[in-house]
Every structure is written in structure tokens, then in C-alpha cells.
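Biologist: I would like to learn how to read a model of this kind, going feature by feature. Could we take the general idea first and then the case at hand?

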Amino acid sequence: FQLSASGFFGDTNKVATEIISKTRYTKSSNSIRGTTPWLQIILLLISFLAMLAGLGVVFYLQINGNFLPQHLILQFDDEVTPQLSTYSDIFELQVDYTTFGDHRIVYR
């Protein structure tokens, strides 16, 4: 805009930028922001609570292990140490209730 106002893009654009820069815009008095700020606060609160509710559902499902795979295939390469291949196995998802009395996700 500054280049056009200084005449870099020609006289036609210079005149147009002068017209634009002299134009004054007024704010209408019946805008939502000026008359009802409580409406914006309520809408913001509703959207924030909806976001927290969705986050709570995802957090609850994540704690219960709903997003975890049922089987975990683990395979070590015995290129460096031959004993590592003995740890290769298919592990199944289990919930362990014995550790501190809460739900612990364990693969056995």
C-alpha cells in the first residue's frame, strides 16, 4: 500500500490509494458487541464448557484403554545380541487390578 501511495505502481493506483486513505468508516451503534456483552460471555462460556466436556470424554476413554491396540507385537533383532530374540512375542492387552487397586493397562 505504501509503494502504491508513493506512485511506484503508476498514477492510477496512487489516486486510488489517496481516496482509500482519506475514507473514514464509522461503526454502527446497533452492533452485538455494544448492546449485549453478556450474550458474548454466555456463548464463550458454552463453547468453553463444550470443549472441556469433549476433553473429559477423551481423557476418560484414554484412561480406560479404549484407544490402545488389543495386541502388541514386539520383535527384537538378534544382530547385536543373540539373546534379544527370546523377548520377541505377541502381547495381549490386560487390565491389572492388583497394582495399588486401580486400573493399570498391562500387556502380557
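Biologist: Which residues does Leu 3 touch, not counting residues up to four places away in sequence?

Modeller: Please keep in mind that this is a predicted model. A contact is read from heavy atoms within 4.5 Å, and, with residues up to four places away in sequence set aside, Leu 3 touches Phe 8 and Phe 9. Leu 3 itself sits in helix α1, which covers residues 2–5, and its C-alpha lies 8.8 Å from that of Lys 14, a residue 11 places away in sequence.

Biologist: Is Leu 3 buried, partly exposed or exposed?

Modeller: The label follows from relative accessible area, where buried means under 20% and exposed means over 50%. Leu 3 counts as partly exposed because its relative accessibility is 47%, whereas Phe 8, at 60%, is exposed.

Biologist: How many aromatic pairs does the count come to?

Modeller: The count comes to 1 aromatic pair.

Biologist: Which residues form the nonpolar patch on the surface?

Modeller: The patch is formed by Leu 45, Phe 48, Leu 49, Met 51, Leu 52 and Leu 55, which together have about 600 Å² of accessible area. Phe 48 belongs to helix α4, residues 37–63, and a residue needs over 30% relative accessible area to join a patch, so Phe 48, partly exposed at 42%, passes that cut-off.

Biologist: What do the totals for the whole protein chain come to?

Modeller: Of the 108 residues in the protein chain, 6% are buried, and the accessible surface comes to about 9600 Å², with 64% of it belonging to carbon and sulfur atoms. As for contacts between residues at least 6 apart in sequence, 16% join residues at least 24 apart.

Terms used: Residues are numbered from 1 along each chain as its sequence is written. This is a predicted model: local features need pLDDT of at least 70, side-chain atom pairs count only at pLDDT 80 or more; totals for chains, interfaces and linings use all residues. Side-chain values use heavy atoms; hydrogens and water are left out. Patches are made of residues with over 30% relative accessible area and no salt bridge: like charges are joined within 9 Å, nonpolar side chains (Val, Leu, Ile, Met, Phe, Trp, Tyr) within 5 Å. Accessible areas come from the Shrake-Rupley method with a 1.4 Å probe; for residues, only the protein chains shown count as cover. A salt bridge is a side-chain nitrogen of Lys or Arg within 4 Å of a carboxyl oxygen of Asp or Glu. Helices (H or I, at least four residues) and strands (E, at least two) are DSSP runs, numbered from the N terminus. Buried means under 20% relative accessible area, exposed over 50%, partly exposed in between (1.4 Å probe, protein chains only). Rings of Phe, Tyr and Trp (its six-membered ring) pair if their centres lie within 6.5 Å; planes under 30 degrees apart count as stacked, over 60 as edge-to-face and the rest as tilted.
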